[in-house]
Amino acid sequence: MPAGTERRPDRIELATQSGGCSSGSTLREAAELAGKSDVLARYDADYPKGPHDQPQSMCPAFGSLRVGLRMRRTATILSGSACCVYGLTFTSHFYGAKRSVGYVPFSSETLVTGKLFEDIRDAVHQLADPALYDTVIVTNLCVPTASGVPLQLLPDQINGVRIIGIDVPGFGVPTHAEAKDVLAGAMLSYARKEAEQGPVAAPKQRPDRPSVTLLGEMFPADPPGIGLLLEPLGLAAGPVVPTREWRELYAALDCAAVAAIHPFYTASIREFEAAGRSVVGSAPVGADGTAAWLDAIGAACGIAQGKVDAAKNRFIPAIRGALAAKPIAGRITVSGYEGSELLVARLLIESGADVPYVGTACPRTVWSDPDRDWLEAHGCRVQYRASLEQDIAAVEEFGPDLAIGTTPVVQHAKQKAIPALYFTNLISARPLMGPAGAGSLALVVNAALANQARFDKMTRFFDGVGTGPSAGVWETTPVDRPEFKAKYAAKRIAAAKAEESVGV
C-alpha cells in the first residue's frame with residue numbers, strides 16, 4: 001500500500017454512504033483524519049466561508065473542470081462518485097466541451113486498501129503521451145478527498161507530460177468560480193518553478209511591449225478592448241488566466257503587472273506575487289472605473305502620469321458618450337456567483353440605474369475594495385458571500401423594477417411579476433470593459449424593464465390559477481374545505497400530545 005493511504009475503514013464507509021454533497025461536516029472530518037487537513041486549511045484561508053458551509057450553486061469542481069477542458073493538449077481525469085462524475089461531464093458538455101473526461105471508478109474496498117490511488121496512477125501512466133498532451137490534470141471530488149487519496153504522490157511528470165493533482169471538494173471550495181483558481185494557481189505554481197529552473201517554451205504570439213496579465217475569465221471581446229486602453233501607455237494586454245494552453249502560463253508570469261479583473265483568484269495572485277509581479281484590482285468599467293484603473297496600472301508599471309492622462313483624455317469622453325447614448329432607468333438588484341457582479345453593478349449605476357443591492361457568492365478581498373468603496377459611495381449595499389436567502393430578501397426589501405440574479409432568484413422575482421434576467425447567460429456573456437462595454441447592457445436590460453406590462457397582464461389573466469387548493473390539473477376546480485383541515489389538524493395535535501405523554 002502506498003505511503004499515506006492507510007485509512008480508517010469506518011470513516012471511509014461513513015464518507016462513502018452518507019450522501020455526498022449533503023454531508024459536508026462528515027466528509028470534512030473524514031478528510032482531516034485521512035491527512036487532508038493542510039489542503040483544507042489552505043482552502044479555508046484562500047476561500048473563507050460565508051453563511052453556508054456548502055455551495056449553493058453548482059458543484060465547485062465544475063469550475064476547475066471547465067478550465068482544464070478549455071486548454072489545448074490537456075487531458076482531464078476525475079476521481080469521484082459515479083453520479084458526481086456523470087453530472088459534471090454532462091454539464092461540461094452542455095456548456096460546449098468537445099473532449100472526453102477520464103474517470104477512475106472506485107469502491108469502498110479500493111478506497112480502504114489504497115487501490116484507488118494505484119488505479120489513478122496507472123491511468124495517468126497510460127494517458128501521458130507527449131505526442132498528444134502537455135498536461136494531465138487529476139481531480140479528487142468529495143469522497144476521494146475525504147478518504148485521503150494522495151494525489152501529491154503522483155509523479156510530477158511522465159515522459160515529459162506534466163501531472164497535476166488537485167482536490168476540489170464541495171466541503172472545501174465554496175464556489176465553482178473559486179475552483180477555477182484552484183487549478184489556475186496549481187498550474188501557475190508548476191510553470192513558475194519550471195521557469196526558475198531554466199529556459200521554457202515561448203508563447204506563439206508575444207507582444208513587443210510590456211504586458212498586463214488579465215486574471216479571470218471574461219467575454220472574448222474584452223481583452224482586445226483592454227489592449228486598446230493600454231496602447232497609449234506603451235503596454236499590451238497579456239494572456240488571460242486561466243489560459244488556453246500551457247505555454248501561455250509563462251507569458252502570464254512574464255508581465256509588467258497583473259490586472260485582477262476577477263478579484264478572488266487568491267492562489268493565482270499568490271503565485272504572481274511570488275514571481276515579483278504587482279497586482280491591480282478592479283477593472284476598466286464605466287468612466288469612473290476606467291479612469292481609476294488606468295491610474296492604478298500606470299502607477300504599477302511606472303508609466304509617466306502625462307501618458308496616463310493622455311489615455312484618459314482619449315477614452316473617458318467616449319465612454320461617457322456611450323453611457324449617455326444608452327441610458328438605463330429603473331431600480332435593479334444584482335446577484336450572481338461568477339465574480340463580476342460588482343463590475344456589472346458599477347456599469348449599471350453609471351448608465352443611470354438605481355442599484356440598491358449587489359450580492360456575490362465570492363468573498364471580499366483587497367482587490368475588490370475599489371469596487372466596493374465606489375458602490376457604497378453611490379448608495380449600493382454590497383453583500384459578499386451572499387446566500388440565496390439574502391438575494392431573495394433584497395428583492396423583497398427593495399421591490400426592484402428588474403432583478404438580475406441566479407436561477408432561483410429569477411424564479412422568485414417572476415413569480416412576483418417582476419422582470420428578471422439570469423446573470424450567467426444574459427449579463428456576464430457581454431463585453432463590460434472600456435467604450436465597447438459602456439452600452440452593452442442597455443439593450444437587454446431596457447428590453448427586460450419594458451416587459452413589466454406583459455407581466456402585469458399575465459398576472460391578471462392567471463390570477464388564482466395553480467395556487468392553494470386549485471393547484472394541479474383538474475376536470476373541475478376543487479373547492480377548499482377549511483373545516484376538514486381544522487378537523488384533521490386537531491387530530492394531529494392530539495396524537496402528538498399523546499405520543500409526548502407516553503414518552504415522558
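**Stop 1: a proline in a loop**

Select Pro431, which sits in the loop between helix H19 (423–427) and helix H20 (434–438). Helices (H or I, at least four residues) and strands (E, at least two) are DSSP runs, numbered from the N terminus. This is a predicted model, in which local features need pLDDT of at least 70, side-chain atom pairs count only at pLDDT 80 or more, and totals for chains, interfaces and linings use all residues. Residues are numbered from 1 along each chain as its sequence is written, and side-chain values use heavy atoms, with hydrogens and water left out.

Is Pro431 buried or exposed? At 15% relative accessibility, Pro431 counts as buried. Buried means under 20% relative accessible area, exposed over 50%, and partly exposed in between (1.4 Å probe, protein chains only). Show the contacts of Pro431, where contact means heavy atoms within 4.5 Å. Leaving out residues up to four places away in sequence, Pro431 touches Phe219, Ala221, Asp222, Ala436, Gly437 and Ser440.

**Stop 2: the largest core**

Select Leu233, Ile297, Ile332, Leu348, Leu375, Ile427 and Val445. These have the most contacts inside the largest nonpolar core, which has 59 residues. Such a core is a set of buried Ala, Val, Leu, Ile, Met, Phe, Trp, Tyr and Cys residues joined through side-chain atoms within 4.5 Å. Helix H15 (residues 341–350) gives the most to this core, with seven residues.

Zoom in on Ile332. Beyond its neighbours within four places in sequence, its contacts include Leu348, Pro400, Leu402 and Val445.

**Stop 3: helix H15**

Color H15. Ten of its ten residues are buried, so H15 is largely enclosed by the rest of the structure. Just after H15, Gly352 takes a positive phi of about 110°.

H15 and H16 pack at an angle of about 35°, with axes 10 Å apart. Axes are lines fitted to C-alpha atoms, for helices over the stretch in contact, and angles run from 0 to 180 degrees between N-to-C directions. On the H15 side, the contact is made by Leu342, Leu343, Ala345, Arg346, Ile349 and Glu350; on the H16 side, by Pro370, Asp371, Arg372, Trp374 and Leu375.

**Stop 4: helix H21**

Move to helix H21 (residues 442–449), where Ala442, Val444, Val445, Ala448 and Leu449 are buried. What covers them includes strand S10 (331–336), H15 and helix H22 (452–461).

**Stop 5: a buried threonine**

Select Thr139 in strand S3 (residues 135–140). Thr139 is buried, with a relative accessible area of 4%. Apart from neighbours within four places in sequence, Thr139 contacts Ile77, Leu78, Ser79, Leu151, Ile166 and Val168.

**Stop 6: backbone exceptions**

Most residues other than glycine have a negative phi, and most peptide bonds are trans.

- Val241 and Pro242 are joined by a cis peptide bond, with omega about 10°. Pro242 is in the loop between strand S7 (236–241) and helix H11 (247–253).
- Asn159 has a positive phi, near 55°. Asn159 is exposed, with a relative accessible area of 57%.
- Ala417 has a positive phi, near 60°. At 11% relative accessibility, Ala417 counts as buried.
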